There are 2 protein chains.
Amino acid sequence: MSDTKPLVIFTPSGKRGHFPVGTPILQAARSLGVDLDSVCGGRGICSKCQITPAYGEFPKHGVTVSNGALSDWNAVEERYDRIRGLPKGRRLGCQAQVQGDVVIDVPPESQVHKQVVRKAASARAITMDPATKLYYVEVEQPDMHSPSGDLERLADALDKQWNIKDVKADLHILQMMQPALRKGNWTVTVAVHKSHTAEPPRIMHMWPGFYDGAIYGLAVDLGSTTIAAHLCDLSDGVVKASAGVMNPQIRFGEDLMSRVSYVMMNPGGDVEMTNAVRTALNGLAKDIAAEAGIAPDLIMEVVFVCNPVMHHLLLGIDPVELGQAPFALTTANALTLAARDLDLDQLNQAARVYVLPCIAGHVGADAAAVALSEEPNKSKDLVLIVDVGTNAEILLGNTNKVLACSSPTGPAFEGAQISSGQRAAPGAIERVEIDADTKDPRFRVIGSDLWSDEPGFDAVIKDTGVTGICGSGIIEVVAEMRMAGIMDRGGLIGSAADVGTSRCVPEGRTNAYVLHDGSASGGPLITVTQGDIRAIQLAKSALYAGAKLLMDKLEVKNVDRVVLAGAFGAHISPKHAMVLGMIPDCALNKVISAGNAAGTGARIALCNVASRIEIERLVREIHKVETAVEPKFQDHFVAASYIPHDSDPFVELAKVVTLPAPRFNAGSNGAKPRRRRRG
Amino acid sequence: MSDTKPLVIFTPSGKRGHFPVGTPILQAARSLGVDLDSVCGGRGICSKCQITPAYGEFPKHGVTVSNGALSDWNAVEERYDRIRGLPKGRRLGCQAQVQGDVVIDVPPESQVHKQVVRKAASARAITMDPATKLYYVEVEQPDMHSPSGDLERLADALDKQWNIKDVKADLHILQMMQPALRKGNWTVTVAVHKSHTAEPPRIMHMWPGFYDGAIYGLAVDLGSTTIAAHLCDLSDGVVKASAGVMNPQIRFGEDLMSRVSYVMMNPGGDVEMTNAVRTALNGLAKDIAAEAGIAPDLIMEVVFVCNPVMHHLLLGIDPVELGQAPFALTTANALTLAARDLDLDQLNQAARVYVLPCIAGHVGADAAAVALSEEPNKSKDLVLIVDVGTNAEILLGNTNKVLACSSPTGPAFEGAQISSGQRAAPGAIERVEIDADTKDPRFRVIGSDLWSDEPGFDAVIKDTGVTGICGSGIIEVVAEMRMAGIMDRGGLIGSAADVGTSRCVPEGRTNAYVLHDGSASGGPLITVTQGDIRAIQLAKSALYAGAKLLMDKLEVKNVDRVVLAGAFGAHISPKHAMVLGMIPDCALNKVISAGNAAGTGARIALCNVASRIEIERLVREIHKVETAVEPKFQDHFVAASYIPHDSDPFVELAKVVTLPAPRFNAGSNGAKPRRRRRG
């Protein structure tokens with residue numbers, strides 16, 4: 001069919017249609033469903049609808065486009081260019097009108113549903129579609145003869161101009177509404193939160209006239225040990241600032257079960273911990289806003305991912321049921337609530353909180369976030385995802401089925417419970433190699449690119465010194481000790497005589513390996529003790545047994561891919577992890593790190609409201625496995641305590657030590673609060 | 001069609017059906033839609049489903065019912081009767097089973113939708129159907145192998161057992177949920193609020209096992225001068241306690257416009273007034289709970305009715321726009337919000353507030369409540385409803401159309417701005433008669449049934465004395481003065497010589513009438529001054545002009561009925577009101593008092609959630625008239641200043657004085673804050 005009206009083709013979407021001469025490009029885009037942004041609704045104010053008209057021949061589209069295909073620059077564009085500057089070649093889509101056939105390119109920054117490209121290798125892009133967006137509206141003035149409230153007329157404007165129905169407003173918005181409307185001469189910009197639930201749209205903030213600034217959201221990964229937050233611009237997903245603090249609950253217990261047992265032994269202990277974490281969150285929000293140089297009331301939303309115990313303590317719910325079978329959560333569903341209900345006061349007064357759903361009593365919203373980020377349910381090959389933290393969350397699956405469990409690794413992988421362990425900080429040993437012949441090590445510390453045996457190393461580390469071993473260093477040194485024959489498959493460190501190196505020194509009734517002696521320069525003596533090996537064995541056995549249990553459930557012997565997640569997962573050397581037996585065997589090039597996948601999941605849920613529906617659905621479909629009551633978990637755990645290096649260079653030193661399985665149930669002789677050892 | 005299954009007939013509904021032998025009566029009632037209450041869902045716990053089986057012949061229903069038509073008393077009923085006592089002849093509907101044809105009477109107290117009979121003459125009954133009700137549920141225990149949150153299982157139970165879908169819970173409910181479920185051995189009673197809006201059902205409170213107590217709501221009439229509250233049992237609507245306090249905002253200005261002008265002249269004045277009224281409301285809630293002997297956390301809901309300025313100040317919204325054209329409300333719609341958002345802390349933590357809609361900038365939620373109570377929209381004859389207070393709300397209409405306006409009468413009708421005026425309290429003159437011949441008065445005071453000229457009067461009032469004149473007394477004395485020829489139709493009081501009584505005494509350049517001289521016993525000299533007459537003329541003219549304006553709009557010369565509402569309306573003598581010209585002429589027996597109709601409207605909205613839908617719809621349909629900008633209002637006002645008694649006994653004393661019209665706009669020379677004169 002031919003049409004005498006001009007043809008408008010949009011790239012990159014390829015959408016096309018015929019429009020009468022004089023049709024604004026924004027209007028053409030909207031009627032075709034082309035993703036072209038606008039906050040002011042086509043009034044030439046916001047400049048979000050910038051487009052690039054193309055001229056010349058377009059064989060693919062069968063058109064030749066002349067320079068006169070669009071109306072000339074008008075006064076609005078000239079004014080905008082003069083004051084703000086319009087990039088060369090750009091037009092305002094709401095001002096430029098169709099005059100003839102035309103090809104219009106929508107640059108990425110003019111798309112509403114922009115994609116945020118993530119850095120991590122395995123990452124998918126995030127499509128921007130946040131719950132809270134800005135809308136500019138012109139509101140009818142009050143009419144004494146047909147009285148109605150300002151809110152009703154504003155709601156009417158949002159309906160007519162933006163198709164937002166039945167908007168609600170909190171009291172503090174009502175309190176600012178009349179001055180804002182009058183100051184803006186009956187135009188305002190409103191931030192409106194549109195939930196993915198049945199909750200009605202809600203006005204979060206308002207500004208007189210056109211508001212030219214940004215609004216923000218916080219993605220928070222609330223871990224047992226650390227709290228990490230990213231402040232994201234809700235228009236383009238850009239991370240404006242990041243910050244992290246220690247979780248102050250650590251003083252009540254290092255790991256989750258210690259905190260649960262603290263509550264059991266100290267009535268009101270849950271309230272103390274709730275207050276502690278909320279206070280820390282307020283400090284974090286304040287700092288991150290200050291770092292980004294923004295007013296806290298521009299933060300409209302917070303997304304939380306956390307394990308079940310952190311989840312309950314954040315919400316002010318006694319976590320004691322999570323410490324004993326049947327590990328019942330108060331609520332497993334995702335929560336949307338007011339930030340002020342969590343005493344979060346360094347945000348917009350109306351700020352909304354979204355807490356991702358929990359998978360089970362031991363598998364929390366953090367595991368759900370990893371699932372959202374890594375999408376095992378969309379993987380054709382069988383993927384094992386391990387989120388390594390104080391507890392390890394384990395997901396196994398593909399497009400057919402996804403299983404999840406949690407395994408109580410304890411904090412050894414994070415450098416805690418290790419004699420020379422410390423947090424990842426400058427001066428901490430993070431990479432280790434041990435010469436199989438000499439049994440001498442070389443290492444690298446955080447803050448230096450040089451190995452310890454390279455010239456200039458001492459100068460580089462002059463300020464920090466060598467202070468301890470961080471999580472990834474621990475894994476490497478234990479794996480290297482095994483490969484160099486310093487310990488046997490049972491994990492027993494040999495004596496100087498057995499091994500043939502003076503670095504093996506007696507310590508009590510066992511031996512230790514001297515990794516670094518800084519005593520000459522006043523630094524610490526850094527050794528790996530038999531106790532350290534036992535702690536790592538416990539941790540890695542728990543991790544391995546969890547993965548193995550899921551593989552049993554799926555009746556598979558191998559996995560196709562392994563994804564190591566967690567802030568710490570980013571630094572684990574796949575080779576060493578496999579030597580140590582942390583993860584099931586898999587081709588080394590199929591073991592990748594996804595970085596802080598839980599944090600990424602939080603960012604996805606913040607920037608894309610539809611992803612909340614997706615994860616809430618996925619969580620219901622995930623098959624939950626409770627390691628605490630699976631007898632096979634104990635079997636796998638015991639079997640996994642070996643460190644079975646293939647080319648075992650020396651005979652076993654002693655009978656393999658059978659380690660006690662870790663306890664899930666809190667109790668007086670369970671996990672006791674421990675003082676954190678710091679570097 | 002015949003049916004071999006027994007016939008069950010319920011009275012008084014007359015509903016009937018055939019049911020298999022063994023069917024519990026409660027189940028039969030439910031399947032027929034008979035209104036039979038149950039909180040425990042038929043478990044023999046709550047006893048709400050008591051019924052009275054009838055025996056004998058029932059010619060109307062064509063059945064003869066024998067004693068064996070129901071199963072024998074069972075152990076549950078015996079136990080209940082032993083412990084709590086079951087009234088003679090009663091059975092528990094959930095226990096008694098059909099054995100043969102039977103007639104079952106459902107006593108009023110066993111109906112869910114009980115009716116509360118109101119005392120006032122014009123009153124309709126309130127059908128109980130509150131937003132918040134109690135439900136007993138049995139909840140599934142957690143299953144480790146199919147993990148789900150306690151809330152999800154509770155929500156599932158409410159869905160399956162009570163058909164309540166997608167229930168939500170505030171954080172503090174989540175915080176109490178796990179202990180309550182376990183203490184109740186997986187049974188709980190929950191109070192659930194089901195809104196008439198799209199808002200999801202919400203758990204307000206929970207108790208382990210079966211909760212045998214009541215839950216309550218507060219109906220609050222928030223007036224400019226007084227705040228009155230009724231505490232109602234939400235199961236039967238019974239008022240358990242009532243209380244009233246002065247509105248502490250009075251210190252910022254006696255009438256509405258004085259308070260608006262206080263805000264204009266004192267930045268932050270709105271915050272002061274908001275805090276003052278909220279503090280008073282907390283005190284009121286605390287007192288009323290104490291008086292009723294109930295825990296404040298059993299108060300689940302509060303309904304507010306108030307004029308627009310009180311509405312904004314309650315919500316913390318600056319009322320300044322209400323003081324000037326176009327009198328724009330921030331929001332006119334009804335509001336449902338959390339009581340804690342209004343800092344109301346002497347209630348259940350989750351308590352919900354419902355604020356009735358406003359009709360217009362001058363016609364508030366109090367007028368809406370009067371409309372809900374008096375239902376002009378359902379009246380076949382044309383009814384004029386006048387709610388007399390510091391502002392008068394006026395409604396005129398019938399089934400065809402309803403009009404509303406507000407008229408600024410000022411506080412004279414409440415005894416303020418009157419030289420000897422006082423609040424209605426013991427010692428205040430409330431009834432007056434003046435002998436047309438002698439010009440001598442007799443009167444009655446609040447707290448005495450005797451007239452002042454009857455023997456024993458002095459003894460009765462010995463404790464209080466005669467202290468002043470209250471609102472209804474003012475109306476009577478002015479009307480009586482006119483009828484006795486003490487003043488002319490222009491309102492001018494004659495001299496002693498003109499009138500022929502020494503009770504007319506000079507006061508400045510005008511005269512005053514001595515109503516009572518208590519100086520001999522140390523009491524006050526109570527006179528009616530020319531200034532008092534002018535204040536009453538202003539007030540009554542405003543009231544009359546408002547009514548007349550609505551009659552003009554409807555193009556009618558007469559009304560069929562007049563309803564006087566307002567706490568003060570209850571005491572106005574229709575005859576005197578008509579002599580004074582407060583209300584248009586109408587047959588005297590067609591003028592009735594509806595008492596505190598606004599307060600009744602608040603109770604209706606509290607006890608019947610469907611009435612909220614009704615008033616929200618009606619308010620949209622009411623035709624609003626803005627007196628402040630209607631030139632005819634001024635004309636009517638001026639014309640209405642006369643007091644045109646038919647049998648005028650003496651010639652006019654002077655030219656009629658033209659009074660200035662009252663001001664709507666607040667301003668420095670408008671209404672100034674005045675000190676309240678008290679008795």
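In this predicted model, 41 residues of chain B are in contact with 41 residues of chain A. The size of an interface is often expressed as the accessible area that is lost when the parts come together. For chain B and chain A, the buried area is about 3,100 Å², and carbon and sulfur atoms give 61% of that area.

On the side of chain B that touches chain A, α3 (150-162), α4 (171-183) and β18 (335-338) of chain B each supply at least two residues. The largest share comes from α4(B), with six residues. By type, the residues on this side of chain B comprise 21 nonpolar, nine polar and eleven charged.

Side chains of opposite charge can pair when their charged atoms come close. Four salt bridges are found across the interface of chain B and chain A. R182(A) and E321(B) are joined by a salt bridge between their side chains, with an N to O distance of 3.1 Å.

Over all chains, the count of salt bridges comes to 54. One of the pairs within chain A is formed by D156(A) and K160(A), whose side chains meet at 3.0 Å, N to O. About one helical turn separates D156(A) from K160(A), because they stand four residues apart in helix α3 (residues 150-162) of chain A. D156(A) counts as partly exposed because its relative accessibility is 33%, whereas K160(A), at 64%, counts as exposed.

Another salt bridge in chain A connects E476(A) with R431(A), and their closest N and O atoms are 3.0 Å apart. This pair links distant parts of the chain, for E476(A) belongs to helix α10 (residues 471-483) and R431(A) to strand β23 (residues 428-434), 45 residues apart. E476(A) has 0% relative accessibility and therefore counts as buried; R431(A), at 29%, counts as partly exposed.

The side chains of R612(B) and E301(B) form a salt bridge with an N to O distance of 2.9 Å. Because R612(B) lies in helix α15 (residues 610-621) of chain B and E301(B) in strand β17 (residues 299-306) of chain B, the pair ties together parts that are 311 residues apart in sequence. Both R612(B) and E301(B) are buried.

How values were computed: Residues are numbered from 1 along each chain as its sequence is written. Chains are lettered from A and ligands numbered from 1 in the order in which they are written. This is a predicted model: local features need pLDDT of at least 70, side-chain atom pairs count only at pLDDT 80 or more; totals for chains, interfaces and linings use all residues. Side-chain values use heavy atoms; hydrogens and water are left out. Contact means heavy atoms within 4.5 Å. Buried area is the accessible area (1.4 Å probe) that two parts lose on being put together, summed over both. Ala, Val, Leu, Ile, Met, Phe, Trp, Tyr, Cys and Pro count as nonpolar, Asp, Glu, Lys and Arg as charged, and the others, Gly among them, as polar. Buried means under 20% relative accessible area, exposed over 50%, partly exposed in between (1.4 Å probe, protein chains only).
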